[in-house]
Structures are given as C-alpha cells and as structure tokens.
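Colleague: Let us go through a model together. I will ask how to read each feature, and you show me the case.

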Amino acid sequence: MGNEKNINSRDKKSSKGEEKNYDFIRETIKNRPLDKKRLLYRIGALAGAGIIIGVTAALAFSVAAPRLVRKLDEGKQQAKIDIPQDDPSVTPTATPVPVAMPSEESAMEQAERAYQEALQISEEPRKAIVSVVGQKEKEDILDNTLLTSGRAMGIIILEDYRDYYILTQQTAVKKAENIQVTFQDGTIVNGAIKKSDSRTDLAVVTVHKRDVDKKTQEGVSVAVLGNSYSLIQGKTVIAIGSPSGYDDSVYFGTITSVSNKVAVTDTEYNLLITDILGSQQGSGVLLDTDGEVIGLIAQDYGDESKTMVKALAVSQLKPLIETLSNGEAIQYLGVRGKDISENVSNSIDIPQGVYVKSVEDNSPAMEAGLQSGDVIQKIDGKEIETMQQYSSQLQKCEGGQKVSLTVMRSKGAEGYAEMKIEAEVESR
C-alpha cells in the first residue's frame with residue numbers, strides 16, 4: 001500500500017511536470033502588420049510592366065501586320081484576266097439619220113449643244129483617264145541628280161480585288177526606274193509595269209488599290225472596251241485624254257476611214273482615221289456615242305497628216321491587251337505580212353494567204369529560211385488566210401516550240417511551188 005502511494009504521487013508530480021514543460025506551445029502567432037507602401041510599389045511595378053509589354057506588342061503588331069497582310073495578299077491566287085473577243089464577221093450598219101427639222105437655233109448654238117452632248121457622254125469614261133509618268137535618274141556634269149521622264153495618258157481598263165489595270169504607251173514607261181500614276185483628283189501613286197509591247201507601243205501598268213485612298217477610289221471609273229468592227233465612215237466619235245497634247249481635252253468629230261491597216265511584226269491592225277485635229281504628241285482614246293472605247297490614239301502610224309487624230313481599232317487589240325494584262329509572253333517569229341484575199345489572189349495571180357512583205361534580221365523566221373515574197377498558207381496544218389489568223393495561231397504556241405509553215409514560193413515563170421519550213425518560236 002505504501003508503495004502504491006509513492007507511485008501515485010510520482011505520477012501526479014510527473015503529470016504536473018509535463019504540463020509545465022510544454023506550456024510554450026500554447027504561444028499565439030500574430031500576423032505582421034501590412035506594409036501599404038510596399039504593396040503599392042508592387043502593384044505599380046506590375047502595372048508598368050503590363051503597359052510596357054502592351055506597347056511593345058502593339059508596336060510589333062503595327063510593323064508586322066502590314067507585311068503579313070501584304071504577304072497574304074501576294075500569296076492569294078489572282079484570277080486570269082479574260083477579255084471577251086469581238087466577232088469580226090459582224091456587218092456594220094449605219095445609224096439612221098434623223099430627218100432635219102427646222103430649228104430656230106443658230107449654227108453656233110447647235111455646235112454648242114453638240115459639244116455639251118459630247119461632254120455628257122464622256123463624263124464617266126473621263127474618270128478612267130490617268131496620267132502616267134516614267135522616271136529614271138541620270139547625272140549631269142555637275143553631279144546633280146536629274147529626273148528625266150516619259151509621259152502619256154492612260155486609261156483604266158480593268159480592276160480586280162487587288163489592282164487597277166491601266167493601258168498606256170510603252171514610250172512613257174520604257175526603262176523607267178519609277179512609275180507615277182496621277183488620278184483625276186490629283187492623287188499620285190506608284191505603279192508597276194505588268195507587260196509592254198514594243199511593236200504597238202502599248203503597255204499595261206498596275207496600281208495597288210491599297211495605295212489609293214477610299215475617296216479617290218470612289219471617283220474612279222473603269223472604261224468599257226467596245227466593238228470597233230461595227231464602225232463605218234461617218235460615225236461620230238469623241239476623243240478624250242490628250243489628243244491635242246493638252247490634258248483632260250474633249251473633242252468630237254467623225255470617222256473618215258476604217259480601211260487603213262498598220263502592219264507590225266507578226267500581226268496587223270486596222271487604223272481609224274478621223275477629222276479631229278490633234279497633235280503629234282497626242283495620246284488617249286476614241287469613244288463611240290455609247291461612251292465605249294473603240295480606238296487607242298496612235299499618232300505615229302499612217303502616212304496622212306500628223307495633225308489628224310488616228311487610232312488603232314480596239315477589237316483587234318483585245319487579244320494583245322489580255323496578254324499584257326496577264327503579264328504573259330508574246331510569241332515571235334519576225335514576219336511583216338499582208339492579207340491576200342480571194343479577190344486579190346484572182347486579180348494579181350498570187351496564192352491566197354499571208355504575203356510576206358519582209359522578215360526581220362536575225363529573227364526565227366529568217367533563220368528558218370522564210371523570204372520576202374513567200375505566201376504563208378498554213379501553220380501546223382491549220383489554214384491561214386489573214387494576218388489576224390496568223391497572229392492568233394502564233395500566240396497559241398510556246399517559246400521554243402517548233403512549228404511547220406506551209407508556204408508558197410515563187411519560181412518565176414514556173415509559178416508558185418509549195419514548201420515546208422520549220423521555225424522555232426521565240427518568246428518575248
């Protein structure tokens with residue numbers, strides 16, 4: 001019993017001891033007071049970093065976005081330009097002449113009214129007229145840099161989602177390092193040559209729509225290419241552009257001849273002659289009374305007076321305009337020829353076909369052995385009766401392709417003998 005008491009007393013002492021030994025774990029932990037200044041500093045630092053990151057991202061996007069849009073735009077597949085062709089077999093008909101009724105108008109008043117009508121018809125097509133200037137740098141003896149330029153009027157003939165297509169003269173942009181296009185409202189933008197043709201002095205220049213502001217675009221019109229096969233003598237036409245050498249001019253008159261032809265390498269075009277006074281440096285287009293383009297002013301052609309406005313008929317030019325607008329190669333043999341119709345053939349005893357007037361030096365035609373005086377009747381077995389048919393068949397070929405020409409060659413008193421000549425087409 002005594003032992004039990006001692007044990008119990010020790011247990012009690014031990015329990016009290018334990019309680020005393022572990023009193024420190026009951027200590028209360030208090031939170032550190034909030035440092036407001038430090039918190040505000042951290043918030044400010046985070047906000048500042050966010051602003052810097054945002055500004056940097058915005059700047060990077062502003063630099064990269066246009067390039068990205070441009071790359072996406074350039075990578076987008078452009079549809080091939082397709083210009084509907086006119087039927088040359090259409091017989092032109094004269095417009096009925098209204099019976100003149102007695103009028104109280106004087107001759108001056110009638111002339112003024114006629115001119116006002118011409119202005120009204122040309123109002124929309126004139127919105128398609130632009131000025132094209134080709135520039136290149138050269139240095140004079142004082143080492144001062146000068147800009148020399150070629151200049152001509154151009155007309156917007158096509159547009160797609162990305163570009164305006166402008167038909168103009170090659171001399172204005174030949175060897176140009178920079179091309180500037182001025183729209184009717186005075187806006188000036190840079191352009192680029194799509195393709196040019198030295199034979200006809202024609203070129204197509206393109207302007208990116210993204211470089212033309214919305215207000216200018218709203219004032220732009222696209223000209224309609226009409227049908228020149230329907231033209232006859234006496235038809236009223238309107239000349240716009242710079243037919244007299246002065247910008248934004250409008251003249252009207254009549255066609256005096258549609259039968260003249262212009263022979264250029266590997267093709268031939270009708271030349272329209274008018275009674276409109278123009279300039280040797282004149283450029284622009286001819287319109288019919290519907291306001292459609294029926295001729296491209298070309299003062300360098302023809303033997304008539306250089307003061308009369310002349311134009312290449314647009315219907316025959318449409319295949320070439322399509323080729324230039326697509327930037328495609330022009331196929332070349334080097335032949336200048338003339339049509340020999342059935343009537344001419346019977347009257348002068350020359351085979352029907354394309355009479356070779358001349359062959360260009362060092363051309364594929366000369367290398368193949370084609371001679372002046374030969375008459376081309378077939379290309380790869382297809383009948384050829386006119387220069388237009390010859391040109392159309394040639395443009396279907398590819399550079400490097402060998403074609404077989406069936407020609408009739410004069411043997412003097414013995415008449416003509418058929419020959420086969422193989423020539424290699426060249427692309428330009």
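Colleague: How many cavities of 30 Å³ or more does the structure hold?

Modeller: First, the ground rules: this is a predicted model, where local features need pLDDT of at least 70, side-chain atom pairs count only at pLDDT 80 or more, and totals for chains, interfaces and linings use all residues. Residues are numbered from 1 along each chain as its sequence is written, and side-chain values use heavy atoms, with hydrogens and water left out. Now the idea. Rolling a probe the size of a water molecule over the atoms shows where empty space is left. On a 1 Å grid over the protein atoms alone, a cavity is a set of points where a 1.4 Å probe fits but cannot get out; a pocket is an open set with protein on both sides within 12 Å along at least five of seven lines; lining residues have an atom within 4 Å of a point. Points are joined across faces, edges and corners, and a volume is the space filled by probe spheres set on the points. The structure holds 1 cavity of 30 Å³ or more. The largest cavity has about 30 Å³ of space.

Colleague: Which residues line the largest cavity?

Modeller: Arg126, Ile129, Gln184, Ile240, Gly241, Asp248, Ser249 and Val250. Strand E7 (236-242) and E8 are the elements that give two or more residues to this lining. Helices (H or I, at least four residues) and strands (E, at least two) are DSSP runs, numbered from the N terminus. By class, the cavity lining divides into 3 nonpolar, 3 polar and 2 charged residues. Here Ala, Val, Leu, Ile, Met, Phe, Trp, Tyr, Cys and Pro count as nonpolar, Asp, Glu, Lys and Arg as charged, and the others, Gly among them, as polar.

Colleague: How much space lies in the largest pocket?

Modeller: About 980 Å³. Of the 36 residues that line this pocket, Tyr229, Ser315, Gln316, Pro319 and Gln388 are the closest to its centre. The lining has 13 nonpolar, 14 polar and 9 charged residues.

Colleague: Which element gives the most to that lining?

Modeller: H6, with 6 residues. Strand E8 (249-264), strand E9 (267-277), helix H6 (314-325) and helix H9 (387-395) each supply at least two.

Colleague: Why is H6 described as largely enclosed by the rest of the structure?

Modeller: Look at accessibility. Buried means under 20% relative accessible area, exposed over 50%, and partly exposed in between (1.4 Å probe, protein chains only). H6 is largely enclosed because 11 of its 12 residues are buried. Among them are Val314, Leu317, Lys318 and Glu322. Just after H6, Gly327 takes a positive phi of about 65°.

Colleague: Which residues other than glycine take a positive phi?

Modeller: Asp201 is one of them, with phi about 60°. Asp201 lies in the loop between strand E5 (188-197) and strand E6 (202-208). Asp201 counts as buried because its relative accessibility is 17%. Asp266 also has a positive phi, near 70°. Asp266 sits in the loop between E8 and E9, and is buried at 0%.

Colleague: Where does helix H3 bend?

Modeller: A bend at a residue is the angle between axes fitted to the seven residues ending there and the seven starting there. H3 bends by about 25° at Gln120. Now its span. The expected value is 1.5 Å times one less than the number of residues. H3 (residues 107-126) has 20 residues and reaches 27 Å from first C-alpha to last, close to the expected 28 Å. Its buried residues are Ala118, Ser122 and Pro125.

Colleague: How many aromatic pairs does the structure hold?

Modeller: There are 2. Rings of Phe, Tyr and Trp (its six-membered ring) pair if their centres lie within 6.5 Å; planes under 30 degrees apart count as stacked, over 60 as edge-to-face, and the rest as tilted. Tyr115 and Phe252 form a tilted pair, 6.4 Å centre to centre with 40° between the planes. The pair links distant parts of the chain: Tyr115 is in helix H3 and Phe252 in strand E8, 137 residues apart.

Colleague: Are Tyr115 and Phe252 buried, partly exposed or exposed?

Modeller: Tyr115 is partly exposed at 31%. Phe252 is partly exposed at 36%.
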